Amino acid sequence: MQVMAFSSPTGLLSLVVFMVLVVEPHPAYGSSRGGWFGRNQGAATPLVNGICAASVTIHGYKCEEHQVKTQDGYILNVQRIPEGRIGGNSSGNKKQPVLIQHGVLVDGMTWLLNSPQQNLPMILADNGFDVWLANTRGTRFCRHHVSLHPSQPEFWDWSWDELVSYDLPAVFDFVLNHTAQKIHYIGHSLGTLIGLASFSEGHQEDQLKSAAFLSPIAYLTHMKTALGVVAARAFVGEITTLFGVAEFNPKGQQASIFLKALCNYPGVDCYDLVTAITGKNCCLNASTVDLFLQNEPQSTATKNMVHLAQTVRDGVIAKYNYGRPDYNLLHYGEARPPIYNISNIPKDLPLFISYGGQDALSDVEDVGQLLDNLKYHDVNKLSIQYIKDYAHADFIMGVNAKDIVYNQVVCFFKNQQ
């Protein structure tokens, strides 16, 4: 395959920023410089029998693998941990379901990298909740469609708009049909963005009991990273032009070439790229990061990455911009993409928002703008936690996240029952 030359340093930087924009950490905690491309490309730990067998049942928990079909034909993989290994199982009451949504370029495995005593799904299960892990289209176990194959460009013709309109509603419907109860929602990173957008459109209003947003990604204007600032000013179409493919595979040959080129760029230190992108994470375990690198990152749609780029560049939470007024008119009936109005989230919906002072992606100022959108929310229904030392990845892999964040989430959910 022909390797394209970089026409400008801005194009190179903008490309790589979005390859690592919301993915959890990939610094070289070991000896190889530059994170994942020094490893076996595409050779993630094989999970022949799925996430349950690889990361849940081995710890003594029950776990079920389910498939969910979206209205546009994608087959999603969902894991269910119906009960805890210890405690929380003696009550005769039906367990409250909790749906957990991961970020971009990863899947539900990311929540399970720490020990059962430290990871959020198992902590929730041990506290008496019925836990469901969602996985978005295009990830390792969600590469199926009723009529399309991942080798076809049409399979990858989607952005996070479709996660809002199709994936999340399908999974909510599935969980509700199995539990007959309203659902608690947890999102991290992109999982917060699609939750906020979906709830603002009223998609799950009758199915949702409460929502917890960890390291919320909504507005991205104030990212505290030089790479992010460059990306915000870049022409997002360069990403599509450089790759010329519909699937965005961070472990693919083209991505590796571009990342290696970046690491040779003056002033870029790939040894500590995680800090440069996500902020200074305080509390990561090196062995957990190494396990992360064995399984992640994973593919998404190039169109999805372009949509994230538009969110950074335009400073608004809007539907995908097709780049021409006539194309937007064709899709939306107006020349500009419609805005997701976060203030439309029902004001009596219990919300828990936790963010960190060191997070370079979910920046304090951007979270402040999100909170401003919620200024008319019922004050008794909005819980806000600020953690001075936390950055983006601490919320899902921090060794002390149980004590600082997860116990607060458990208490928040239990207070809604």
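## A salt bridge across the chain

Glu201 forms a salt bridge with Lys319, and their closest N and O atoms are 3.5 Å apart. This pair links distant parts of the chain. Glu201 sits in the loop between α5 (190-200) and β7 (208-216), while Lys319 sits in the loop between α11 (302-314) and α12 (325-332), 118 residues apart. The model is a predicted one.

The two partners can be described by their accessibility. Glu201 has a relative accessibility of 36% and counts as partly exposed. Lys319, at 16%, counts as buried, because buried means under 20% relative accessible area.

## Other salt bridges

The whole structure contains 12 salt bridges. One of them joins the side chains of Asp107 and Arg140, with an N to O distance of 3.0 Å. Asp107 belongs to the loop between β3 (97-101) and α3 (120-126), and Arg140 to the loop between β4 (130-134) and β5 (144-145), so the pair ties together parts that are 33 residues apart in sequence. Asp107 is buried, and its relative accessible area is 1%.

Asp167 and Arg137 form another salt bridge, in which the closest N and O atoms are 2.6 Å apart. Here too the pair links distant parts of the chain: Asp167 is in helix α4 and Arg137 is in the loop between β4 and β5, 30 residues apart. Asp167 is buried, with a relative accessible area of 4%. Arg137 is also buried, with a value of 1%. Elsewhere, a network of salt bridges links Glu64, Arg80 and Asp130.

## The largest cavity

A search of the whole structure finds two cavities of 30 Å³ or more. The largest cavity has a volume of about 50 Å³. It is lined by 14 residues, and those closest to its centre are Gly103, Val104, Leu105, Thr136 and Thr300. By class, this lining has six nonpolar, seven polar and one charged residues.

## The second largest cavity

The second largest cavity holds about 30 Å³ of space. Its lining consists of Leu76, Gln101, Ala134, Asn135, Thr136, Asp167, Leu168 and Val171. Four of these residues are nonpolar, three are polar and one is charged. Helix α4 (residues 160-179) supplies the largest share of this lining, three residues.

Which residue of this lining forms a salt bridge with Arg137? Asp167 lines the second largest cavity, and Asp167 is the partner of Arg137. Thr136 is listed in the lining of the second largest cavity and is among the residues closest to the centre of the largest cavity.

Terms used
Residues are numbered from 1 along each chain as its sequence is written. This is a predicted model: local features need pLDDT of at least 70, side-chain atom pairs count only at pLDDT 80 or more; totals for chains, interfaces and linings use all residues. Side-chain values use heavy atoms; hydrogens and water are left out. On a 1 Å grid over the protein atoms alone, a cavity is a set of points where a 1.4 Å probe fits but cannot get out, and a pocket is an open set with protein on both sides within 12 Å along at least five of seven lines; lining residues have an atom within 4 Å of a point. Grid points are joined across faces, edges and corners, and a volume is the space filled by probe spheres set on the points. Ala, Val, Leu, Ile, Met, Phe, Trp, Tyr, Cys and Pro count as nonpolar, Asp, Glu, Lys and Arg as charged, and the others, Gly among them, as polar. Helices (H or I, at least four residues) and strands (E, at least two) are DSSP runs, numbered from the N terminus. A salt bridge is a side-chain nitrogen of Lys or Arg within 4 Å of a carboxyl oxygen of Asp or Glu. Buried means under 20% relative accessible area, exposed over 50%, partly exposed in between (1.4 Å probe, protein chains only).
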